[in-house]
Amino acid sequence: MNNKYQPTLFWFATLNALTTFLLIGLGGLVTSHEAGLSVPDWPTSLQRNMFLLPFSEWTGGVFYEHTHRLLASLVGVLTTILAVWLWLKDPRPWLRWLGITAFLLVMAQGILGGLRVRWQMDWLGVPHAAVAQTFLVLTGALALFTGRWWLNSTTAIPVSVPRGLRGHVLSVTFLIFLQLLLAATMRHQHAGLAITDFPLAYGKVWPATSAAAIAHYNATRPPGTLGNPITAFQVNLQMAHRLVAYALFLGVAAAALRTLKKLGGRDQLTQFAFLWLALLALQILLGAVTIWTNKAADVTTAHVMVGALALLNGALWCLIALRRRSR
Amino acid sequence: MKKTSLLLAIGLLAAAQCLHAADVTGVITFQGTAPAEKEITPIKDDPSCAALYPSGLPKTRFYVVGANGELADVVVSLKGMSGKSPGAAAPPVTLDQKGALYVPQIVALQTGQKLVVKNSDPFIHNVHAKPVANPESNQVQMSGGADLIYTFDRPELFLKFQCDVHPWMFAWVSVFDHPYFAASGADGKFTIKNVPAGKYTLEAIHRKLGAQTAELEVKADGAVQNFTFSPK
């Protein structure tokens, strides 16, 4: 087998990554619409074969949950084909095993999603979200590794990336992953907004979280349809999410400026870093709008999707930088 | 012989107590201005649900207050009465899903007493019981499907029922291990039947407005105890 560019394989891997990204969006819609348990059975759907559920029953929350399951099945099939394809046609053993890893991860993710339904455990939504983000990075990496740029870069003029800069971007990317875990924990509290204003928090820089203050927040919150009371833990969680968001913005801005300084404006990594900065700015704006719209489902889901893109951007930057080093 | 006499004495005592049982009644009122209810706007995004409301969406029902301040959906019970539930023999309580809402929204029953959940809507629901002290369950209920039957073994206040297909749908079920409880109706009135004579603490709880207690003595002609709630 030759280690040469296979366009069909590359575009298939890219399709898999794009479908995974859409699946994260659909998963976000499921949680935003509180529809995770609207189909109480699994692997059947409403006591029928999942693939034969009549369209007339795709109503309300069932629509989001069922289409999430169908798209997840498609991603499972695409990933399986990709793993087999890599195993048979790619000469790089590490990439073949990475394909197998993706296959195992997508299977585990499917089972995790199913158990979250069967066991009715809200907290399982958090690892389900974490695996989803990890899987997106993996599918993005598979697309990168099968791409023309990766395969041909051994002959290109090397522009090394300073170690300190690589460490900086890797750290920020890891912090984004932690931020996404925080966000998933917030979303799977199923209690609506813990803090209802922004940029202040209940009119203060840091909100009070005494029992009396929490009781006051609950009594004065706009009566949402959900009606669940909030807790001090949830208020602190949202404050932590805000602080990490600000830290991330500064971290990404510094990474973009350092990349510009070290590699120049024409370098691909500099462009990637400034795209990253734009994503972070958009993400903070979406976070604010999420609060101002009282967690409108479409805005909240866009916030989830841009968060996933920010993680992918950072991870791919690190891989490209590593490729230059290993040349 | 001694055993038979003892059982007879206990039986007579119980009968005598029943003879002196009476009703505890009262009216719950609300004083002040209740927070405004909101239209349940997500209904309009679901065509099959929206079709049930051609002339306007329903509102949340956190504070069901009558024209003269009568407050519904307050759960009233005698405290310290645990372990006296003949719930299995009590008639079933019905919780319906109608107009993509739970009706009634507040339900009270005994441990062991059947809760019959119906689906009167022309579409599916999932009935997701989310208790704290009792086991959680989540079941599909098709339109016109068989009733779902629930019983609960442990007392629990405001056990949440929800529909994830229609995430605005909630009902709260309070479970007691004795028969001395009631929920106030639209007229604010409640009646706890067949309370043995004696001194008790009566507790009234509204899910949003909190709890109040009152000491009362039940005599042969019963007892009356009113409560007044105001905004927190």
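Helices and strands here are DSSP runs, a helix having at least four residues and a strand at least two, and both are numbered from the N terminus.

**View 1. Chain B of the predicted model, seen as a whole.** In this predicted model, chain B has two helices and 17 strands, and along its principal axes its C-alpha trace spans about 70 × 45 × 25 Å. Of the 232 residues in chain B, 37% are buried, and among the contacts in chain B with a separation of 6 or more, 63% are between residues 24 or more positions apart. The mean pLDDT of chain B is 90, with 91% of its residues reaching 70 or more, while the model as a whole scores ipTM 0.72 and pTM 0.83. Where pLDDT is low, the predicted coordinates should not be read in detail.

**View 2. The four-stranded sheet of chain B.** Four strands of chain B, in the order S12-S2-S14-S15, form an open sheet whose pairing is antiparallel. The edges are taken by strand S12 (181-183) and strand S15 (210-218) of chain B, each of which has a single partner strand, so one side of each is left without a neighbour in the sheet. From one strand to the next, the twist averages 20°. Within this sheet, strand S2 (residues 75-78) and strand S14 (residues 198-206) of chain B run antiparallel and are joined by four bridges, and a place to look for this pairing is Val75(B), which stands opposite Ile205(B) in S14(B).

**View 3. The five-stranded sheet of chain B.** Another open sheet of chain B has five strands in the order S5-S11-S10-S7-S8, and its pairing is mixed. Here S5 and S8 of chain B stand at the edges with a single partner strand each, so that one side of each is left without a neighbour in the sheet. Neighbouring strands of this sheet are turned against each other by 25° on average, direction ignored. Both senses of pairing can be followed in the view: S5(B) and strand S11 (residues 170-176) of chain B pair in the parallel sense over five bridges, whereas S7(B) and strand S10 (residues 156-162) of chain B run antiparallel and are joined by three bridges.

**View 4. The side of chain B that touches chain A.** Where the two chains meet, 24 residues of chain B are in contact with 20 residues of chain A. Strand S7 (125-130) and strand S8 (137-141) of chain B each supply at least two residues of the side of chain B that touches chain A, and S8(B) gives the most to this side, with three residues. By residue type, this side of chain B divides into eleven nonpolar, seven polar and six charged residues.

**View 5. The two domains of chain A and the contact between them.** Chain A is divided into domain 1 (1-156) and domain 2 (163-327), and the centres of these domains, taken over C-alpha atoms, are separated by 23 Å. In the contact between them, 24 residues of domain 1 of chain A meet 21 residues of domain 2 of chain A. On the side of domain 1 that touches domain 2, the elements that give two or more residues are helix H1 (7-32) and helix H4 (125-145) of chain A, and H4(A) gives the most, with ten residues. The residues of this side of domain 1 divide into twelve nonpolar, ten polar and two charged.

**View 6. Asn313(A) and the residues around it.** Asn313(A) lies in helix H10 (residues 297-326) of chain A, and Asn313(A) counts as buried because it has 23 C-beta neighbours inside 10 Å, the cut-off for a buried residue being 20 or more. Leaving aside residues up to four places away in sequence, Asn313(A) touches Phe272(A), Leu275(A), Trp276(A) and Leu279(A). Although Asn313(A) and Gly140(A) are 173 residues apart in sequence, they are 9.3 Å apart in space, C-alpha to C-alpha.

Definitions and conventions:
Residues are numbered from 1 along each chain as its sequence is written. Chains are lettered from A and ligands numbered from 1 in the order in which they are written. This is a predicted model: local features need pLDDT of at least 70, side-chain atom pairs count only at pLDDT 80 or more; totals for chains, interfaces and linings use all residues. Two strands pair if DSSP finds at least two bridges between them. Axes are lines fitted to C-alpha atoms, for helices over the stretch in contact, and angles run from 0 to 180 degrees between N-to-C directions. Two residues are in contact if their C-beta atoms, placed from the backbone, lie within 7 Å. Ala, Val, Leu, Ile, Met, Phe, Trp, Tyr, Cys and Pro count as nonpolar, Asp, Glu, Lys and Arg as charged, and the others, Gly among them, as polar. Domain bounds come from an automatic or database domain assignment. pLDDT is the predictor's confidence in each residue, from 0 to 100. A residue is buried if 20 or more other C-beta atoms lie within 10 Å of its own, exposed if 12 or fewer, and partly exposed in between; C-beta atoms are placed from the backbone.
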